[in-house]
Amino acid sequence: MPFISVVIPVHNRAHTVLNALESVIAQDITVGEIIVVDDASTDGLDKVLAPYRDRITVIRHPENQGAGAARNTGIEAATGDYVAFLDSDDSWSTNKLTRQMRFMTARGFAVSCTNFYLQSEVPEPDATSAAPPTEDGLRDASRPYGERLTRTDLSWGCFVSPGSTLVCRRDILLSVAGYDTAFERYEDWDLLLRIADHVDAGIGFLPEALAIVDEGVHAHVDKAFAGLNQMSQKHTKNGGSHRPVRAGSNAAGRGIRAGIAFNEASLRWAAGDRLGCLRALLHSIALRPFNHWALRNIALPRLRRLIKI
């Protein structure tokens with residue numbers, strides 16, 4: 001088993017970070033190092049981490065810089081061949097790293113993500129999963145991917161929770177310059193797209209649910225919309241706005257624009273803007289009418305659930 005550095009970025013989550021940390025310590029292999037990046041927390045995180053100081057490395061940002069910057073700090077400090085990421089409100093199954101590294105070795109991947117369970121305090125239907133909740137409130141995310149994430153898969157959005165499932169060779173992360181700290185949202189989506197363009201073997205996907213991801217409540221919708229505009233500026237040809245479609249754009253460009261519009265629809269629904277949601281969704285469908293991932297993997301599974309009910 002290669003030397004693995006685990007990076008846990010934290011900002012004001014003293015109440016959840018120990019669960020994440022204990023899930024790393026409980027791995028059935030010995031983790032090379034655990035790096036906790038305190039992104040200027042003000043909730044007494046240092047006291048919570050004090051009993052673990054002999055087992056972890058803590059790096060503190062004097063000012064809050066965001067999740068991407070915190071992960072970059074961890075990447076730079078890491079000494080392992082591979083870096084595994086875990087968000088401070090999530091956790092791993094005890095065999096997560098073993099199963100994932102064996103999968104990567106067997107398939108020749110230098111980077112991969114895994115399936116995961118979704119957890120919320122009040123279980124609600126998951127728009128991206130056909131799986132019903134279990135008695136303990138966990139739902140298998142059931143992401144509809146093969147063993148290799150294609151760029152088409154990734155164009156629809158970041159649904160593999162890389163903040164807690166991603167394992168990547170450190171030199172690859174350095175080669176793509178890590179996370180783009182200009183993003184306050186969707187920095188993980190941007191990273192995966194850049195990695196996919198960088199590695200010949202692609203990004204592996206292990207369908208086993210090996211992490212528990214907290215759904216939480218996503219605030220700052222304005223930051224999310226800003227993130228979508230940044231995605232459009234960086235990954236499409238029409239420089240800053242994913243609509244209207246420009247003549248002569250290729251299929252890959254349409255795919256990214258369709259994915260951005262689909263994520264816009266989700267944001268508008270969450271914000272209570274039903275008309276705006278419908279407009280964005282119709283725009284997304286218009287961009288990819290014959291091969292729309294959302295229709296195939298979200299709308300139809302939800303319809304099947306409603307029919308069963």
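**Aromatic rings and charges over them**

Trainee: Are F159 and F262 buried or exposed?

Mentor: This is a predicted model, in which local features need pLDDT of at least 70 and side-chain atom pairs count only at pLDDT 80 or more, while totals for chains, interfaces and linings use all residues. Residues are numbered from 1 along each chain as its sequence is written, and side-chain values use heavy atoms, with hydrogens and water left out. Buried means under 20% relative accessible area, exposed over 50% and partly exposed in between, with a 1.4 Å probe and protein chains only. By that rule F159 and F262 are both buried.

Trainee: How many aromatic pairs are there?

Mentor: Rings of Phe, Tyr and Trp (its six-membered ring) pair if their centres lie within 6.5 Å; planes under 30 degrees apart count as stacked, over 60 as edge-to-face and the rest as tilted. By this rule the number of aromatic pairs is five.

Trainee: What is the angle between the planes of F159 and F262?

Mentor: The two rings lie 6.4 Å apart, centre to centre, in an edge-to-face pair. The angle between their planes is 65°.

Trainee: Why is the pair of Y186 and W189 edge-to-face?

Mentor: Y186 is buried at a relative accessible area of 10%, and W189 is buried at 1%. Their ring centres are 5.9 Å apart, and the pair is edge-to-face because the planes stand at 65°.

Trainee: Which residue has its charged end over the ring of Y179?

Mentor: A charge sits over a ring if NZ of Lys or CZ of Arg is within 6 Å of the ring centre and within 35 degrees of the ring normal. At 5.2 Å from the centre of the Y179 ring, the residue is R71.
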